[in-house]
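I open this notebook to keep track of what I looked up in the structure, entry by entry. The sequence and the model come first, and my notes follow.

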Amino acid sequence: MHFAVPIFPGSNCDRDTIHAIEDVLDQPVTAVWHQDSDLKKFDAIIIPGGFSYGDYLRTGALAAQSPIMEGIREAADQGKLVLGICNGFQILLETGLLPGAMRRNDHLQFRCSISRLSVENTQTPFTLGFSQGEQIRIPIAHIEGNYYCDEETLQELQQKGQIIFRYAGENPNGSIDYIAGICNERRNVLGMMPHPERAIFDWMGSTDGVKLFTSMLQYWKENNGAA
Amino acid sequence: MQLKQKVISLPNEPTPEMIREQTLYKELGLKSEEYEQIIHHLKRLPTWTELGIYSVMWSEHCSYKNSKTLLKQFPTQGSRVLQGPGEGAGVIDIGDEQAVVFKIESHNHPSAVEPFQGAATGVGGIIRDVFSMGARPIALLNSLRFGDLKSSARVRYLFEQVVAGIAHYGNCMGIPTVGGEVVFDPSYEGNPLVNAMCVGLLKHDELQKGVAQGVGNPVIYVGARTGRDGIHGATFASEELNETSESKRPAVQVGDPFMEKLLLEACMEMVEQKDLLLGIQDMGAAGLTCSSAEMAAKGGYGMDLNLDLVPRREQGMTPYEIMLSESQERMLLVVEQGRESEVQAICDKWGLTSAVIGRVSEGDRYRLFFQGELVADIPLRTLVDAAPCYVQAQKVPDYYRENESVCPEEQLQHIDPQVGLHQVVSSVNLASKRWIYQQYDHMVQASTAVCPGSDAAVIAIRGTDKALAMSTDGNARYVYLDPVQGGRIAVAEAARNVVCTGAEPLGLTDCLNFGSPEKPEVYWQLAGAIQGMSEACQELNTPVVGGNVSLYNETKGQAIYPTPVVGMVGLITSRKHIMTQSFKQAGDVILLLGETLAELGGSELQSLVTGKISGRPPVLDLEKEKKVQQVVLHAIRHGFVHSAHDLAEGGLAMSLAESCIAGGLGANVTAKTQLSALTYLFSESQSRILLSVPENQAWHLIALAEDMGVKCTHLGEVIEVPEMRICINGESVIHESVQELTRKYEEAIPCAMSPSLTSTN
């Protein structure tokens, strides 16, 4: 399974994400500069966290205009897996691949901590290794993670099982319905504020991110018959 | 470049004669005798541009003219030291062809007038110092001082904005801010301290230096364009703060971490092309002037710069402004002639401005050209090596003599130990710093093995089993009461913090924050602190590989407490040795290494109860200190230990509380002592470490301590019931639930900040 990790000016979790793919999955991964739009040879794309374009204008807004987004859109259309983490989630919202928008955290401060999440839907390529309602611990680090959408969209997300992760206990940013991560209707595009790449070894304080990566690989193997 | 021999003075600027007649050099912070020296070096009167260049190069910030003779005492060598003081940052070998690079620097004055940008650019500057060495930054730390948090809205504003500024810069750069310390004390009311430290990692063959080499080689400017911000920042930093300081806001730079992130990645690409860079230096304090002059001087060459080629963001800038601007996110490079296009290509990829602005020349002339005219022509070495050097008069302050007869123990005996515990646990100085560090991304780079909140932070090194421990530390109260002891303690405690995580201390960087050296009492403090620090460095084998001096930290003639801050880095050889302070398991035996004496002078309890500090601080016996550290490191590496925690401010009571709070477990302690219960629990005697060890390993440790001649006291055991129970000489003196202590510990700072607009806690 060949992963692409797009790099925008200001991305800063790109190396962590690449390392996680190598360490957890031992699969090939390539850093792709944002000006390349051809992602045909890749099986999955993980848009890393960071401050693309310094968060100028709005988080993710400028990155959403990069040439590479064409390739990402194409991959999503083909049913390939696209995961956006933190700033990656913000970029997916700005491109319209996922519905809704991000606002500044309700307390207005940056927040970095290990958050407790509940896995709300395991019928997705990203969560098939988790059990329904499983409580996991994954770090967050953002100032704009206050997910928002209108009532109609929220109902749709709820009814179609597109809410994948919710904050369990404290909501660290004020997001609507405690949302921490959502997917598209087809369930091949996931955006999440928490950083699974920061929870893969015991010494990091949690290994709950591992199953997210292994789920992706398992899904891909099942659907591509490759070993 | 056409050479014109005569230096011209520009219209709209004071003429050389006016400068002399109206003593305008004083406006630039130069003394009369310094002005005379400049005339001597130039063999003519300096122009306004030249005078500006001398004034920043000879400022305390760049030349260390008041501290240089004292700083010579610091041991700077060691078998592992690859680069000591003098470059952007110090470099220490950590094996496997890898090295750790680190430095701490102050940004006090800018933060006093513009806290958000002042703190942000302090972080930005120290990051550039580290990556200009060829290292990728892997961690940030800081050390902060503010006035009394509870009584002053101004202090709350400064604190909130400084934290936000640090977060803004470090988070965007993707460098985890993993550690630090903050102290609130009225002595910093008008003059807060913001010291930022950066740690980087490199392979030996990637090490870069700020040196210009090879006649005719191009000098290349990379990064943000030059504006009028930060002009004379270095001079501003070398003056006392006063009512007019607000007007110095233009001397505060404005940071753009996004730009610096691009600059970092571009520089890392250049470093990867092993032989491309001949020299690289950050344009930090004193901007283009300092970087270009130092690079040329270190290489033993001269330099010609054409200021028309310097990328600018504003029109009509004069040579004076261009040379003295401290616009951020700029780097100066020297490469071999003919390789300019390789630099250009990398800069283009990252969308960075770059320009060849001059050439390395033969000889010793530092020449600046502007609009075809020669506007400065200075013998280079006089800027860098001939800066004045002062040894100031010293005087033992009256307070020091008066303190001789003070007995702090007597002042405090009326305090009930349980009440004392509540006071220290909820003191903003000792309480949880979560409110701060949760605003810092302390986990980016996915290497943080010990997060903020323990004795020292630990960063794992990918691809190896090694890890680095790091800590910033400095107790100014002790230094105030006794500079030599305080200096020793600053170094010893930082080392102890690092040892408690399972690391061997490698070396340190220091930031010396003091008042005006021209005051004999302040100079006495400075001299004593440096002496004490040097002694500790010598004994603990921790060389000083870089640092910074920040003097003139005064408002209204009142100096801050003398505040040397130590940034210590240690090496953990295997991740399985990583140790934290939290109690891990009920039934574990609690041991105390080291001796407890009646030492409450300068203690947190004294300050909380009496509102001031007096007496003598704890005494630090370096030999004892070294042995205690050896025992703990040995025990951790042999797997005898479940937790290790330094005893510091708040003494045994505070350390026990912290180990309980962190582990969510209780402690049952029974001790016998000749001291009063209060003194025993709150004394801040040095060289003590609290350990918890599995019951069946305790004898190993006790035997080991005995062999080494270290006192080891069996205090009690970790208990499942989350309660802190302390019995001294048969009498129960503390019985408190850990939940209650946790609540006090966690709520202290959020409560103090609740009047603030942006706090939700």
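**Domains.** I began with chain B, which is divided into domain 1 (1-72 + 209-391) and domain 2 (580-751), the bounds coming from an automatic or database domain assignment. The C-alpha centres of these two domains of chain B lie 51 Å apart.

**Ground rules.** I note that this is a predicted model, in which local features need pLDDT of at least 70 and side-chain atom pairs count only at pLDDT 80 or more, while totals for chains, interfaces and linings use all residues. Residues are numbered from 1 along each chain as its sequence is written, chains are lettered from A and ligands numbered from 1 in the order in which they are written, and side-chain values use heavy atoms, with hydrogens and water left out.

**Between the chains.** I next looked up where chain A meets chain B, a contact (heavy atoms within 4.5 Å) that takes 29 residues from chain A and 30 residues from chain B. The buried area, meaning the accessible area (1.4 Å probe) that two parts lose on being put together, summed over both, is about 2,600 Å², and carbon and sulfur atoms give 58% of it. On the side of chain A, Gln109(A), Cys112(A) and Trp203(A) supply 26% of the area that this chain buries against chain B, more than any other three residues.

**Salt bridges.** I counted a salt bridge where a side-chain nitrogen of Lys or Arg is within 4 Å of a carboxyl oxygen of Asp or Glu. The whole structure has 51 of these salt bridges over all chains, and the count between chain A and chain B is three. Asp23(A) forms a salt bridge with Arg462(B), with the closest N and O atoms 2.6 Å apart.

**A helix pair.** Last, I looked at chain B again, where Leu421(B), Val424(B) and Val425(B) in α17(B) meet Ala653(B), Met654(B) and Ala657(B) in α24(B).

Conventions: Helix = DSSP H or I, 4+ residues; strand = E, 2+ residues; numbered from the N terminus.
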